[in-house]
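Here are a few exercises to work through with the structure open beside you. Try each task before you read its solution.

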Amino acid sequence: MSGAHQPTRTQTGVSINAAVGQGGANRPDDVRVIQNLLNANSGLMQPFSRLNVDGLSGPNTIAAIKQFQQRVVGMGNPDGRVDPNKTTHQKLIAALNQPAKPGPIVPPTPNIPVGLITVTFTHGDKIPTKTNYKPAVPATAGGMYESTVTVSGSVNGTFSGSIYPDDMMVKGRIKDGTYPLHIGFHKGGGAAKQDAKNLVVNTEGIRAGLLVNARNSVPVISMNSSKTTSVGINIHNGFNSSRGSDGCLTIMPGDWSRFISLFLNAFPKIDDWHAVGTNTGKKIGEVVVKA
């Protein structure tokens, strides 16, 4: 019928019955509602990659919730969770009534000065499981991730990780010491320049990560006597069945989203991720490897 009233986005498809995101019940129908709300509010969170509305609360959905909480809700320590009718849920709905804007409705997080972030891998001289030595060396850690990873300075957090490659007979683990730390894209050394849409939590392929000494040479310890240095050492996500490391430092997969989101949120400008060269970003501090 001509002139018939059409429901607005805020009238339908916005209610959830249980929490969505980090630690939530994550019922598929509720997750789809939140994914749709986040996509509808994407203009307030640039850069933002639209979510697949699949009902699965994975790393990208949780990272998008945190991005909304930080940039729109104004939370200093976003928790990545949407509870029914609580602040984040209410803001997701309320923001639909606001005029679209080309950027976030709050000022973007300012760039963090060089040297203000320290990422420390404390390994305790422990050898993780699934590390190839010949002859075999008994593991002394209670799993594949032996290190406590502490982020301190302008952003903070504690995570689990590893300094070990999967195969010590071929590659090596970085020697204890302090090294420059840059933001950048893992596996991006010879790749095409990545766009702002790639500043999201990802676990495969070319992805946002941290670069040790801007991909330049670092000293390593290896069972291969000819392997004394390595280049292209990054900090990236590990996996459940292996660390997926040829010498890089890895973060336990369950911690990766929370870890990399610290840096995605702190450095939302794509130019910062290419400040030194293609896919090699600005120096943000240092990484410390110690027992």
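**Exercise 1.** Find which loop holds Asn213, and check its phi.

*Solution.* Start with the place: Asn213 sits in the loop between β8 and β9. (Strands, E, of at least two residues and helices, H or I, of at least four are DSSP runs, numbered from the N terminus.) Next, the angle: phi of Asn213 is near 55°, which is positive even though the residue is not glycine. Now look in that loop for Arg215, another non-glycine with a positive phi, this one about 75°. Finally, Arg215 counts as buried because its relative accessibility is 15%; buried means under 20% relative accessible area, exposed over 50% and partly exposed in between, with a 1.4 Å probe and protein chains only.

A word on the source: this is a predicted model, where local features need pLDDT of at least 70 and side-chain atom pairs count only at pLDDT 80 or more, while totals for chains, interfaces and linings use all residues. Residues are numbered from 1 along each chain as its sequence is written, and side-chain values use heavy atoms, leaving out hydrogens and water.

**Exercise 2.** Work out how α2 and α4 cross.

*Solution.* First, take the axes, which are lines fitted to C-alpha atoms over the stretch in contact, with angles from 0 to 180 degrees between N-to-C directions. The axes of α2 (residues 59-73) and α4 come within 10 Å and cross at roughly 40°. The two helices are therefore oblique to each other: under 35 degrees is roughly parallel, over 145 roughly antiparallel, 65 to 115 roughly perpendicular, and the rest oblique. Then look at who meets whom: the α2 side includes Pro59, Ile62 and Gln70, and the α4 side includes Ser257, Arg258 and Asn265. Contact here means heavy atoms within 4.5 Å.
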